[in-house]
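Biologist: Please take a close look at the place where the two chains meet. Then follow the elements that build it into the rest of the model.

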Amino acid sequence: MAGILAPGLGVLAHLERLETQVSRSRKQSEELQSAQAQEGALGTKIHKLRHLRDELRAAVWHRRGNVKACIANVEPNRTVEVNEQEALEEKLENVKAVLQAYHFTGLSGKLTSRGVCVCINTAFEGNLLDSYFVDLVIQKPLRIHHHSVPVFIPLEEIAAKYLQTNIQHFLFSLCEYLNAYSGRKYQADRLQSDFAALLTGPLQRNPLCNLLSFTYKLDPGGQSFPFCARLVYKDLTATLPTDVTVTCQGGEALSTSWEEQRASHETLFCTKPLHQVFASFARREKLMSLVS
Amino acid sequence: MDETVAEFIKRTILKIPMNELTTILKAWDFLSENQLQTVNFRQRKESVVQHLIRLCEEKRASLNDAALLDIIYTQFHQHQKVWDVFQMSKGPGEDVDLFDMKQFKNSFKKILQRALKNVTVSFRETEENAVWIRIAWGTQYTKPNQYKPTYVVYYSQTPYAFKSSSTLRRNTPLLGQALTIASKHHQIVKMDLRSRYLDSLKAIVFKQYNQTFETHNSTTPLQERSLGLDINMDSRIIHENIVEKERVQRITQETFGDYSQPQLEFAQYKLETKFKSDLNGSILAEREEPLRCLIKFSSPHLLEALKSLAPAGECRIQKPLCYSASYSQGTQDLSSC
């Protein structure tokens, strides 16, 4: 009835209603479609994840199985490892021993963060004496960082001559000076400690041990005159003196036998190391006392 | 025994603290064991001193014996004096140094006695090839003043001698001459180095301050010192701080080493610098002539103080003059703090 009474309105309203119905149903179907699409996507995702999970599970089982197998095999493997360790330790000890042995060559070194630390081990007549270090910085110019060389050894002079141009020569020259100094010092120390009985006064010496003077008697407590000896070592790279003067303390004219003795002593001090000369004096004295 | 000698010995013994008395008297080796045993060292000091003087009189102590006691006292109390360092040099192509201690002492004494009629020279040799020389100065007309002596410590077969600072400066040239000629050198020069601590001066001048060397035998691992960090801080901040602190520590160690530093009390630098300025119209900037000034650092133990500055985050400074391999006495630039 409403449609006939207001025909325009009724039709328009009806059309409107129909329009909204259509758009609503369209929206609904669109939503349904998108929901369905989403559902589909999620469904495939679920499938994929399930598949991945299964794969990982399988992998874990597989690994566990492997580990178990490994542990089962570990007994025979362990002994192989221990043998390897022992071999390595032995190698390490060997290397350490070789490095220590280098000391006996007289010249060894160790690389440092800035260069090299050279160690000079001095020796005399097969006796290992003091060691000295020179820490070099490898830069242009090469320089000495610090060292333990005694101050009376002419290190600066040697370095000025050779360090920049010929490092081998520098090291060998320094070795020469240090070994000679060690040797002279050794002889003077041995004289003071082992043959004090034959000395009639204290041994006069200087830091470089290149001037020694002392008075000695061949027969301590006997009637003979004491001798005065003055040993000069002008060559700092040598362990034998360059000049020797032996005089008799009495000062009077010596009999020929004393003169012969004096001259022979001078020759002895020039040709043999100091403590060996005194060792021969002591041996002779012992022989004489046995004979008489 | 001369009255002046008695007075001199008395004043010297009075200076010695009671706990050092027996040690110093033994080192002097003038009074015998028997004589020393008769002395009751628990008395008041004046009584002990009087007894000792009587013993010295019995043994007829000479001026030389008294001077020797003075040397020993000074050796025990080196730090009471300030020591200067002198460096001697030989001419080119000189002969090898055949140092003879007897010859040196005779020569030194003769030179001084020829120049000044009245002078007391005494010697005492020590184990490290050094000889302590004590000189009491007089003039042509006055006797030597025993209470203001100069001490020289000479290390034989080296170019170095250490001299106690004294107010009587006019005798220094003569002293230098005597030392140079007696030790067979040509020239003597005073170094820019002064300290109360003879050992430290020796360490610097003989370059003995760092005596640790890397060898294959040494198994000292890298020292891990505690860096004093707050554990409650965020671990990322701690990490950043550690990196920076380690860097600072490494640089400090490379500069100063691991050993104990020689004890210096002050260092003086001449500074020549130009100032830059962002502000306009600054008085110091934009000058033609560089600014010249003298900067002095002082501390009871200067090098240790400097060593602790960098880890404390305070400043950046160049190594002191004395640590450079060649002893240059020119101007030294300070980097800005």
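Modeller: Chain A and chain B bury about 2,300 Å² between them, with 59% of that area on carbon and sulfur atoms. Three residues stand out: K110(A), H146(A) and V151(A) supply 24% of the area that chain A buries against chain B, more than any other three residues. The size of an interface is often given as the accessible area lost when the parts come together. Keep in mind that this is a predicted model.

Now the residue count. Chain A brings 28 residues to the contact, and chain B brings 20 residues.

Polar links come next. Across the interface of chain A and chain B there are four residue pairs in polar contact, counting pairs with both residues at pLDDT 80 or more. Several elements of chain A give two or more residues to the side that touches chain B. They are helix 2 (7-101), strand 1 (107-111), strand 3 (127-137), strand 4 (143-147) and strand 6 (227-232). By class, that side of chain A has 12 nonpolar, 11 polar and five charged residues.

How many salt bridges are counted between chain A and chain B? The count is two. One of the pairs is R230(A) with D100(B), whose closest N and O atoms are 4.0 Å apart.

E156(A) and K207(B) also meet through their side chains in a salt bridge, at 3.7 Å from N to O. E156(A) lies in helix 3 (residues 155-162) of chain A, and K207(B) lies in the loop between helix 8 (198-205) and helix 9 of chain B, so this pair joins two chains. E156(A) is exposed, with a relative accessible area of 54%. K207(B) is partly exposed, at 24%.

D135(A) forms a salt bridge with R114(A), and their closest N and O atoms are 3.6 Å apart. This pair links distant parts of the chain: D135(A) sits in strand 3, R114(A) in the loop between strand 1 and strand 2, and the two are 21 residues apart. D135(A) counts as buried because its relative accessibility is 2%, under the 20% cut-off. R114(A) counts as partly exposed at 30% relative accessibility. Elsewhere, D130(A), K185(A), D189(A) and R205(A) are linked in a network of salt bridges. Over all chains, the whole structure has 20 salt bridges.

The loops on either side of strand 3 deserve a look at their backbone. Most residues other than glycine have a negative phi, and most peptide bonds are trans. E125(A) is not a glycine, yet it has a positive phi of about 50°. E125(A) lies in the loop between strand 2 and strand 3 of chain A. Its relative accessible area is 40%, so E125(A) is partly exposed. In the loop between strand 3 and strand 4 of chain A sits P141(A). The peptide bond from K140(A) to P141(A) is cis, with omega near 0°.

Strand 6 leads on to helix 6 of chain A. The buried residues of helix 6 pack against strand 2 (115-124), helix 4 (167-194), strand 5 (211-216), strand 6 and helix 5 (256-271) of chain A. Which residues of helix 6 are buried? They are L274(A), H275(A), V277(A), F278(A), S280(A) and F281(A). The length of helix 6 can be checked too. At 1.5 Å a residue, its 18 residues (274-291) should span 26 Å, and its end C-alpha atoms are 26 Å apart, which agrees.

Now the partner chain. I251(B) is in helix 9 (residues 235-256) of chain B. I251(B) is partly exposed, with a relative accessible area of 38%. Its C-alpha atom is separated by 9.6 Å from that of P311(B), which is 60 residues apart from I251(B) along the chain.

R60(B) is found in the loop between helix 4 (45-58) and helix 5 (63-76) of chain B. R60(B) is not a glycine, but it has a positive phi of about 55°. R60(B) counts as exposed, because its relative accessibility is 69%, over the 50% cut-off.

Chain B has a salt bridge of its own between R44(B) and E46(B), with the closest N and O atoms 3.4 Å apart. R44(B) is exposed, at 58% relative accessible area, while E46(B) is partly exposed at 43%.

Notes: Residues are numbered from 1 along each chain as its sequence is written. Chains are lettered from A and ligands numbered from 1 in the order in which they are written. This is a predicted model: local features need pLDDT of at least 70, side-chain atom pairs count only at pLDDT 80 or more; totals for chains, interfaces and linings use all residues. Side-chain values use heavy atoms; hydrogens and water are left out. Contact means heavy atoms within 4.5 Å. Buried area is the accessible area (1.4 Å probe) that two parts lose on being put together, summed over both. A polar contact is a pair of N or O atoms within 3.5 Å; within protein, one must be able to donate a hydrogen and the other to accept it, and residues adjacent in sequence count only if both atoms are side-chain atoms. Helices (H or I, at least four residues) and strands (E, at least two) are DSSP runs, numbered from the N terminus. Ala, Val, Leu, Ile, Met, Phe, Trp, Tyr, Cys and Pro count as nonpolar, Asp, Glu, Lys and Arg as charged, and the others, Gly among them, as polar. The expected span of a helix is 1.5 Å times one less than its number of residues. Buried means under 20% relative accessible area, exposed over 50%, partly exposed in between (1.4 Å probe, protein chains only).
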